[in-house]
Amino acid sequence: MTPVQIAADPLAEECCTPLTSEALSAEDAQRFARLLKAVAEPTRLRLVSLIAAQENKEACVCDLTEPVGLGQPTVSHHLKILVDAGILHREKRGVWAYYSIVPGALERAAAVLSPR
């Protein structure tokens with residue numbers, strides 16, 4: 001499996017070779033670009049930081065609407081993009097959805113950009 005994840009394989013353990021060591025394959029480049037696009041949007045980047053800052057490292061969509069100043073449908077749309085990119089995990093509890101950061105997702109992305 002590749003280190004930069006999309007929804008199809010979000011729990012892979014290995015990392016891509018850093019960009020400074022060798023060129024990414026076309027497939028890895030597409031996956032990595034999808035991840036970067038997901039976090040490159042200011043609201044989504046803020047949502048990730050809000051979730052990461054929670055004491056239990058998870059948040060309900062109902063707790064994220066006010067801090068970003070957007071309605072629930074818009075916040076849910078942004079969260080879906082982050083889930084599809086393999087950055088967030090979604091867990092349904094009753095009528096509410098809770099989001100947490102996929103363990104290692106951000107570190108794997110950073111590892112591709114960092115020289116070793």
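Start by selecting helix 5 and helix 1 (26-39): helix 1 is part of what covers the buried residues of helix 5, where helices are DSSP runs of H or I with at least four residues, numbered from the N terminus. You are looking at a predicted model, in which local features need pLDDT of at least 70 and side-chain atom pairs count only at pLDDT 80 or more, while totals for chains, interfaces and linings use all residues. Residues are numbered from 1 along each chain as its sequence is written, and side-chain values use heavy atoms, leaving out hydrogens and water.

Stay with helix 5 (residues 105-113) and colour Ala105, Arg108, Ala109, Ala111 and Val112, its buried residues (buried means under 20% relative accessible area, with a 1.4 Å probe and protein chains only). Looking down the helix axis, these residues fall within an arc of 155°, so they line one face of helix 5; the arc is taken from the directions from the axis to the C-beta atoms.

Next, select Arg44 in helix 2 (residues 42-53). Its side chain reaches the backbone oxygen of Ala38 at 2.8 Å. Show Lys37, Ala38, His78, Ile81 and Leu82 as well: Arg44 touches them, not counting residues up to four places away in sequence (contact means heavy atoms within 4.5 Å).

Last stop: Glu58, in strand 1 (residues 58-60); a strand is a DSSP run of E with at least two residues. Is Glu58 buried or exposed? Glu58 counts as buried because its relative accessible area is 19%.

Notes: Polar contact = N/O pair within 3.5 Å; in protein donor to acceptor, adjacent residues only side chain to side chain. Buried < 20%, exposed > 50% of the residue type's maximum accessible area, 1.4 Å probe, protein only.
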